[in-house]
2 protein chains.
Amino acid sequence: MSNQELVVEVAPQGAACCAPLTEAPLVADQAEPMAKMFKALADPVRLRLLSLISSAAGEVCVCDLTAAFDLTQPTISHHLKVLREAGFVGSERRGTWVYYWARPENLKRLSVLLDSPGLTSG
Amino acid sequence: MSNQELVVEVAPQGAACCAPLTEAPLVADQAEPMAKMFKALADPVRLRLLSLISSAAGEVCVCDLTAAFDLTQPTISHHLKVLREAGFVGSERRGTWVYYWARPENLKRLSVLLDSPGLTSG
């Protein structure tokens with residue numbers, strides 16, 4: 001085995017990206033993964049699904065999520081897959097159903113990015 | 001003229017929308033305008049433009065924004081229009097050029113929505 005160090009390519013969103021937009025311009029390498037995450041949030045059904053999972057006390061069964069919408073289960077599952085791939089939720093199949101839980105770290109990154117220190121919300 | 005009160009339809013994003021996703025599920029009327037705002041952020045060029053405008057000390061000339069990208073001015077102007085329609089920037093034409101400034105209120109709303117109180121950023 002060689003002594004060469006293994007260079008692992010780390011996706012930019014894995015880093016502590018980024019400072020608030022109000023503080024410094026984003027470079028292209030930072031903007032790409034952030035834009036992808038915003039795209040995952042750019043759908044009202046996905047936002048509602050994410051809010052249901054994020055505000056739940058623990059895991060949520062896909063069966064309960066589907067029951068909250070007037071949509072087919074494949075449609076709900078597609079939206080959940082987008083949220084999972086963006087890193088906003090985790091999931092595990094157990095028996096018949098898939099269970100989802102919140103992974104708030106990436107949401108927090110986006111929240112920091114959009115924050116305007118000193119501006120109160122309203 | 002009738003005595004009937006005029007009912008003005010107020011876009012939901014005009015209200016103090018919304019509590020953090022971690023606190024309460026979004027209803028459809030709240031999710032729609034929020035998803036539209038996230039869509040405006042779901043493009044790396046728009047994110048970079050917004051960061052350039054938001055981190056500037058004052059107004060920014062479209063001429064300086066165009067110079068920062070390897071894109072045509074119509075393309076840059078299209079992206080700026082999307083940001084303006086989402087309420088993230090204001091603009092004014094003066095002479096040859098259009099000038100842009102940050103309007104951070106809607107960004108702050110999204111920041112609050114995605115915040116996870118108690119979770120540190122990283």
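1. A word on terms before we start: helices are DSSP runs of H or I with at least four residues, and they are numbered from the N terminus. In that numbering, Ser111(A) belongs to helix H5 (residues 105-114) of chain A. Please keep in mind throughout that this is a predicted model.

2. Staying with Ser111(A), is this residue buried or exposed? Its relative accessible area is 4%, and the cut-off for buried is under 20%, so Ser111(A) counts as buried. Once neighbours within four places in sequence are set aside, Ser111(A) has contacts with Ser111(B), Leu114(B) and Asp115(B).

3. Next, the overall make-up of chain A. The chain has 5 helices and 3 strands, and, read from the N terminus, its elements follow the order α-α-β-α-α-β-β-α. Of the 122 residues in chain A, 40% are buried. If you take the contacts in chain A between residues at least 6 apart in sequence, 58% of them link residues at least 24 apart.

4. How many aromatic pairs does the structure hold over all chains? There is 1. A pair of aromatic rings is described by the distance of the centres and the angle of the planes. Here the partners are Phe38(A) and Phe38(B), with 6.0 Å from centre to centre and 20° between the planes, and the pair is stacked. Phe38(A) sits in helix H1 (residues 28-41) of chain A and Phe38(B) in helix H1 (residues 28-41) of chain B, so this pair joins two chains. Phe38(A) is buried, at a relative accessible area of 0%, and Phe38(B) is buried as well, also at 0%. I would have a look at this spot in the viewer.

5. Now to the helix packing in chain A. Helix H2 (residues 44-55) of chain A packs against helix H4 (residues 73-85) of chain A at an angle of about 75°, and their axes are 10 Å apart. H2(A) is therefore roughly perpendicular to H4(A). On the H2(A) side the contact is made by Val45(A), Arg46(A), Leu49(A), Leu50(A) and Ile53(A), and on the H4(A) side by Ile76(A), His79(A), Leu80(A), Val82(A) and Leu83(A). By class, the residues of this contact of H2(A) with H4(A) are 8 nonpolar, 1 polar and 1 charged.

6. For chain B, helix H2 (residues 44-55) and helix H4 (residues 73-85) pack at about 75°, with 10 Å between their axes. That angle makes H2(B) roughly perpendicular to H4(B). In H2(B), Val45(B), Arg46(B), Leu49(B), Leu50(B) and Ile53(B) meet Ile76(B), His79(B), Leu80(B), Val82(B) and Leu83(B) of H4(B). The residues of the contact of H2(B) with H4(B) comprise 8 nonpolar, 1 polar and 1 charged.

7. Two arginines deserve a mention too. Arg94(A) is placed over the face of Tyr99(A), 4.5 Å from the ring centre. In chain B, the charged end of Arg94(B) lies over the ring of Tyr99(B), at 4.5 Å from its centre.

8. With a relative accessible area of 42%, Glu32(B) is partly exposed. Glu32(B) and Glu85(B) are separated by 53 residues in sequence and by 15 Å in space, C-alpha to C-alpha.

Key
Residues are numbered from 1 along each chain as its sequence is written. Chains are lettered from A and ligands numbered from 1 in the order in which they are written. This is a predicted model: local features need pLDDT of at least 70, side-chain atom pairs count only at pLDDT 80 or more; totals for chains, interfaces and linings use all residues. Side-chain values use heavy atoms; hydrogens and water are left out. Rings of Phe, Tyr and Trp (its six-membered ring) pair if their centres lie within 6.5 Å; planes under 30 degrees apart count as stacked, over 60 as edge-to-face and the rest as tilted. Buried means under 20% relative accessible area, exposed over 50%, partly exposed in between (1.4 Å probe, protein chains only). A charge sits over a ring if NZ of Lys or CZ of Arg is within 6 Å of the ring centre and within 35 degrees of the ring normal. Axes are lines fitted to C-alpha atoms, for helices over the stretch in contact, and angles run from 0 to 180 degrees between N-to-C directions. Angles under 35 degrees count as roughly parallel, over 145 as roughly antiparallel, 65 to 115 as roughly perpendicular and the rest as oblique. Contact means heavy atoms within 4.5 Å. Ala, Val, Leu, Ile, Met, Phe, Trp, Tyr, Cys and Pro count as nonpolar, Asp, Glu, Lys and Arg as charged, and the others, Gly among them, as polar.
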